[in-house]
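Subject: Handover of a structure and findings

Dear colleague,

Please find below the structure that I am passing on to you. The findings follow directly after it.

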Amino acid sequence: MEITLRNAKQWARLGPRGVFGLAILDVAANYPDMMVMSADLASSSGLERFKNTYPNQFLNAGIAEQNMIGVASGLAKEGFNVFASSFSPFIAMRASEQVRMNLGYMHMNVKAVAIGSGIGMGFLGNSHFGLEDVSVMRAIPGLTIVNPADCAEVVKTIKAAAEFKGPMYIRLTGTANSPIVYEDEYEFTIGKSITLRQGSDVTLIACGSMVYEALQAASILSEQGIEAEVVNMHTIKPLDTTSIDEAITRGKPIITIEEHTTLGGVGSSVAEYMSPLERRVRHLLIGLPDAYIKTGDYQYMLKDQQLDGESLAVRIKAFVG
């Protein structure tokens with residue numbers, strides 16, 4: 001699955017969930033030890049083709065995420081390379097004890113794939129939103145957390161995760177007809193951030209769906225004389241601190257942007273890193289509020305929560321001054 005403009009456009013139409021299904025189907029040919037599990041969401045997770053192609057490597061756990069993580073861990077104990085998927089809150093909170101003990105404490109080789117993270121589930125509402133999942137997962141020792149920026153990076157993440165040995169939480173944000181960040185092949189390494197745009201006035205550190213919105217905001221700000229660096233912090237844990245150190249050296253503000261509550265997400269990670277340093281810079285955390293939000297169409301909610309590019313540009317300019 002090579003990244004080209006044509007492929008990127010096709011994947012964008014499918015959205016992160018559909019592309020997850022395509023990517024896992026593509027890499028499975030090289031991993032006879034792979035097992036894929038779903039909490040009765042094969043269609044929603046784009047896994048129908050995988051299920052039909054590799055019926056002996058697919059398990060439907062039913063609407064029982066706690067059992068799914070337990071079984072996934074047992075399979076990993078027997079040497080299988082396991083991917084287990086469900087909606088974000090049902091993995092991060094309903095099954096948090098199982099993730100903590102089996103993935104964190106026992107360090108089993110299970111990749112928990114959270115579909116519809118952030119507010120991507122739209123009209124299904126707050127029961128299906130991943131508002132606080134990163135804060136829960138980030139508190140579990142030994143768990144790697146990756147939040148790809150677009151569908152092309154979903155492909156990169158699944159390929160890298162198949163090679164990765166250890167527990168991982170993969171957070172898929174955005175919906176079908178999602179915007180494109182990457183149109184060409186690029187180097188992707190778990191734990192290493194990617195600087196997408198240079199700028200000397202402010203550093204925007206974003207993850208997931210907010211990477212595109214941060215790029216849009218940076219373009220608007222450039223027209224107003226403010227040059228923003230944009231960093232794709234696709235790996236939330238462990239945090240790549242290189243770009244943070246560089247921003248601190250320049251002495252310019254850092255703004256973190258995420259489709260997650262500002263409590264415990266990537267913004268908190270950056271703040272925690274900077275807090276003991278003798279030299280720090282101003283830091284603004286932008287994300288979802290500490291509240292259950294009004295539901296609706298995904299694009300409507302982004303704008304309502306001031307997480308679209310235009311709204312971000314206004315907020316950033318006000319902070320930078």
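In which sense, right-handed or left-handed, does H1 pass H7 in their crossing? The model in which this was examined is a predicted one. In it, the crossing of H1 over H7 is right-handed.

Helix H1 covers residues 5–28 and helix H7 residues 151–163; their axes come within 8 Å and cross at roughly 20 degrees. Because angles under 35 degrees count as roughly parallel, H1 is described as roughly parallel to H7. On the H1 side, the contact involves Trp11, Ala12, Gly15, Pro16, Val19, Phe20, Ala23, Ile24, Asp26 and Val27. These meet Cys151, Ala152, Val154, Val155, Ile158 and Lys159 in H7.

Seven strands form an open sheet with mixed pairing, in the order E2-E1-E3-E4-E6-E5-E10. Strand E2 (58–60) and strand E10 (235–237) lie at the edges; each has a single partner strand, so one side of each has no neighbour in the sheet. On average, and with direction ignored, neighbouring strands of this sheet are turned by 20 degrees against each other.

Strand E3 (residues 81–87) deserves a description of its own. Is this strand buried or exposed? Of its 7 residues, 7 are buried, and E3 is therefore largely enclosed by the rest of the structure. On one pairing, 5 bridges join E3 to strand E1 (residues 34–38), and the two run parallel; here Met35 stands opposite Val82 in E3. On another, 6 bridges join E3 to strand E4 (residues 110–117), again in a parallel arrangement. In that pairing, Phe87 stands opposite Ile115 in E4.

Strand E1 also pairs with E2, in the parallel sense and over 3 bridges. Ser38 is found opposite Asn60 in E2. Helix H3 (residues 65–77) packs on the sheet and touches E1, E2, E3 and E4. The direction of H3 makes about 170 degrees with that of E3.

When you view the strands, please bear one general point in mind. In a regular strand, side chains alternate between the two faces of the sheet.

With kind regards

Notes:
Residues are numbered from 1 along each chain as its sequence is written. This is a predicted model: local features need pLDDT of at least 70, side-chain atom pairs count only at pLDDT 80 or more; totals for chains, interfaces and linings use all residues. Side-chain values use heavy atoms; hydrogens and water are left out. Buried means under 20% relative accessible area, exposed over 50%, partly exposed in between (1.4 Å probe, protein chains only). Helices (H or I, at least four residues) and strands (E, at least two) are DSSP runs, numbered from the N terminus. Two strands pair if DSSP finds at least two bridges between them. Axes are lines fitted to C-alpha atoms, for helices over the stretch in contact, and angles run from 0 to 180 degrees between N-to-C directions. Angles under 35 degrees count as roughly parallel, over 145 as roughly antiparallel, 65 to 115 as roughly perpendicular and the rest as oblique. A crossing is left-handed if the near helix is turned anticlockwise from the far one by less than a right angle, and right-handed if clockwise. Contact means heavy atoms within 4.5 Å.
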